[in-house]
Amino acid sequence: MIDASMLPRAPKQALVDAAVIAVLGLAATLSFGPVFGGTAYLVAGMGGTLLGIAVGTVTSLRPLRGWLLTVAGVVLALVLFGPALAVPRKTIGGVIPTLDAWRELLLGVVFSWKGLLTAEPPAEGFPSLLVVPFLTLLVCSTVATVLALRLRRAALFAMLPGVLALLVGISFGTKIAFWPAALGVVVAGVVVAWSAWRRASLRTELNDEVEVTNDSRHRNRARRQRTRGAVGMIAAALLVAGLLSIPVQPASRVVLRDTVQPPIELAEYPSPLAGYRGWHKNFEDSTLMTVSGMPAGARLRLATFDYYDGTVFAVAGSQQASGSGSFARIGDEVLVQQSGSPATVRVELADYAGIWVPETGFIQSLRFEGEREDALQRTLHYNGQTGTAITLAGLSAGDSYTLEAIVPSQPEHEGLEGARVTDVQVPDPAVVPDLLQAWVATRGNEGQNQLENIQNMQRLMQNGSFSHGLEDDKIPSLAGHGAARIQAMFERDVLVGDDEQYATAFALALHRINVPARVVMGLYPRDGFTGSADPVELTGGDMHAWVEVPFEGHGWVRFDPTPPEDNDDIQPEPEPEPDPKPQVLQPPQPPEEPADMSPDTVADEGQEDEEELEDTSWVIWLWVGGSVLLLLLLLASPFLLVGAIKAARWRRRARAERESDRLAGGWHEVVDHAVDLGLPVPAGVTRREVAGLVEDRYPRSRATEIGEFVDEGVFGPGEPAKDEVDAFWLDVERSVQGMHAEADLRTRVRGRLSLRSFARRRKERRRR
């Protein structure tokens, strides 16, 4: 049982303090809501808040009072309760800790801060990101409770940790805030009301101590009137502030995740489109995957490309206008703001392999199954702009997963009449072949509007000849889609190629008429998905590429420029006989890529440039160092606060207006440091008696000499000289240093953190 006398404040007052801190903790926890979603963050945040209040209360009891014990209590609460509250999925039954749970918890203390900023909301499904709200509320609530119970006058300091926790939740959140005006009003009202109540309680205590003899009835009536007036003023002020905050709220919130680059940039990875021909050559009749639940007319998307460098179509890096190459980690759920039809699709892989995850629409959730579930889920990344996903662990035969997605409806092209092409920024191609430019110049502006121009060029390309260039094809066709290959495609009167060349040429042609376009690589059967629940086997022959164009009100709309596969009997014009012409120096052509690339080629991490590795390593170390520094600052905040309070007291005494007050302040500093070092100094005794006690314990303090000098300056005739008082403060500083030098290490540390001197001064004022 806890005796009430052990508490630094009355039980009723301590209960009110705890309730106020709990309300602030709830407000700070709710600020994490938009980035986490679900309810697990509420359990982690409020669990940390209640644990912090308990740790702060226990370590504020007189037998256990001390900042070192407070820090130990925080660490103990983190280890004992952290697994169940912050990483429940790694525990047994959501409660019993395991080695994996402690490992995720301790790693999360350092790495979860960066992980939360780079994760795609909602972040609840990640293994250790709940450590952020749990640890933030645990530390801030502990510090707030300790300050509230140990400080009597400086009560406002006890509210600062709660406000800090709220700022952390806002900074690590998203642009979508959780009722910002309401949270601001609640926090401001709680802080103002609690501060007023603390001041009123302090005034009542002082009146009771000096035994005010006024009529209690008049005193109680006046107290009630003041309370009603204060409540009315606070309510009116908060109402006005809440109403004013609505029109002046910023249109765009700035959060930390806006300044943090996503961790994965795929601009340096080989483009899957470069290996397109390999799927048809090596896996034409092989089952790549079995898909069930696909909506009618939908397609499985592998990758989306919007940057052409003259060699391949690839995903754009962060240095380009588009961020199609920027992928962020996702948990079990993804926030989707697209409209469309919901679909649940199951994919079972056979001969397919690679980092690109086949999916449809925009993912709401994706859950892997099987032996490699953890590895695949842990390295799952997603690009919400293009709706593509990757897993760095790499998919292989036997893997399976279920995804829930929103599949936007695809309008018929006739239904696009009157719709405008959306002005979306896509990177400019590095190279556009000359013959393609000439082809567009003569055929790309024959329509009355952009839609007609798009459809005219699509029809012209669909009149070409289809060929994969394989042994059974009638017409030879080289693989690749570099600038030289596309240039050769337009050298003849009849176009020849497959999806790889036609999609590339069509996207480049659209760019020439100022229509933003991107190339998509994916899978669908020849007759398309019918919407049946029956499983559908997809082979390498079902690999395709197409082009998407954004239209206002419709999103990205598909266009298929590739001719039908039965257009294979159109013979190209015979090549003319060689006609020697004068030699003209031609600009060098872009280098040709290999004729065939393995479809599951993945960049070898060991072949990255050393400079890039060094850049990545120092960024990682910078994040690690910043996370560790932030944790240390949170844990050291009580020590820093105590040091700041003592430093402010020293400056106030050393800079007093009267020289005699400066002398008295110097003496108080000597005595206060001795008290903080553990020396019991009785109250109500003379300065000479106190000096004797101090000097007996710490001879190097020269307390007797300092006390005699103070007596002469304070009680002597006239005001002491300023230069003499300045020299006296140097003696005070040497005296304090001498006492600390004579004490052992443990006593010195406790002395730096002790607040006994403040309690002793408060008792002296009460006694007077």
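Is Trp 102 buried, exposed or partly exposed? In this structure, which is a predicted model, Trp 102 has a relative accessible area of 31% and is therefore partly exposed, since the word buried is kept for values under 20% and exposed for values over 50%. Trp 102 belongs to helix H5, which covers residues 99–118. Once the neighbours within four places in sequence are left aside, Trp 102 is in contact with Val 79, Pro 83 and Pro 97. Ala 84 stands 18 residues from Trp 102 along the chain, and the C-alpha atoms of the two are separated by 9.9 Å.

The protein chain has 768 residues, of which 47% count as buried, and it contains 22 helices and 18 strands. Among the contacts in the chain with a separation of 6 or more, 78% are accounted for by residues 24 or more positions apart.

Helix H5, where the account began, packs with helix H6. The angle between H5 and H6 is about 110°, and their axes lie 9 Å apart, which makes H5 roughly perpendicular to H6. On the side of H5 the meeting involves Leu 105, Gly 108, Val 109, Ser 112, Trp 113 and Leu 116, while H6 brings Val 131, Val 132, Leu 135 and Thr 136. Sorted by kind, the residues of this contact are 7 nonpolar and 3 polar, with no charged residue.

Helix H6, which spans residues 131–150, also packs with helix H3, residues 40–58, and here the angle is about 30° with the axes 7 Å apart. H3 and H6 are therefore roughly parallel to each other, and H3 passes H6 in a right-handed crossing. From H3 the contact draws on Ala 44, Gly 45, Gly 48, Thr 49, Leu 51, Gly 52, Ile 53, Val 55, Gly 56 and Thr 57, and from H6 on Pro 133, Phe 134, Leu 137, Leu 138, Ser 141, Thr 142, Thr 145, Val 146 and Leu 149. The residues of the contact of H3 with H6 divide into 10 nonpolar and 9 polar, and again no charged residue takes part.

Gly 33 is found in helix H2, residues 33–36, and at 11% relative accessibility Gly 33 counts as buried. Between Gly 33 and Gly 173 there are 140 residues of separation in sequence, yet their C-alpha atoms are 7.9 Å apart in space. Arg 277, placed in helix H10, residues 276–282, is likewise buried, with a relative accessible area of 4%. Arg 277 and Gly 541 are 264 residues apart in sequence and 9.9 Å apart in space, C-alpha to C-alpha. The side chain of Arg 277 is joined to the side chain of Gln 501 by a polar contact of 3.5 Å.

The loops deserve a look as well. Asp 399 lies in the loop between strand E11, residues 388–395, and strand E12, residues 400–407, and with a relative accessible area of 4% Asp 399 is buried. Its side chain reaches the backbone nitrogen of Ser 396 at 2.8 Å. When residues up to four places away in sequence are not counted, Asp 399 touches Val 347, Glu 348, Leu 349, Arg 372, Leu 376 and Gly 394.

What value of phi is found in Asn 514, a residue other than glycine? Phi of Asn 514 is near 65°, a positive value, and the residue sits in the loop between helix H15, residues 499–512, and strand E15, residues 518–523. At 65% relative accessibility, Asn 514 counts as exposed. Arg 702 has a positive phi too, of about 50°, although it is not a glycine. Arg 702 is placed in the loop between helix H18, residues 687–697, and helix H19, residues 703–715, and at 26% relative accessibility Arg 702 counts as partly exposed.

Conventions. Residues are numbered from 1 along each chain as its sequence is written. This is a predicted model: local features need pLDDT of at least 70, side-chain atom pairs count only at pLDDT 80 or more; totals for chains, interfaces and linings use all residues. Side-chain values use heavy atoms; hydrogens and water are left out. Helices (H or I, at least four residues) and strands (E, at least two) are DSSP runs, numbered from the N terminus. Buried means under 20% relative accessible area, exposed over 50%, partly exposed in between (1.4 Å probe, protein chains only). A polar contact is a pair of N or O atoms within 3.5 Å; within protein, one must be able to donate a hydrogen and the other to accept it, and residues adjacent in sequence count only if both atoms are side-chain atoms. Contact means heavy atoms within 4.5 Å. Axes are lines fitted to C-alpha atoms, for helices over the stretch in contact, and angles run from 0 to 180 degrees between N-to-C directions. Angles under 35 degrees count as roughly parallel, over 145 as roughly antiparallel, 65 to 115 as roughly perpendicular and the rest as oblique. A crossing is left-handed if the near helix is turned anticlockwise from the far one by less than a right angle, and right-handed if clockwise. Ala, Val, Leu, Ile, Met, Phe, Trp, Tyr, Cys and Pro count as nonpolar, Asp, Glu, Lys and Arg as charged, and the others, Gly among them, as polar.
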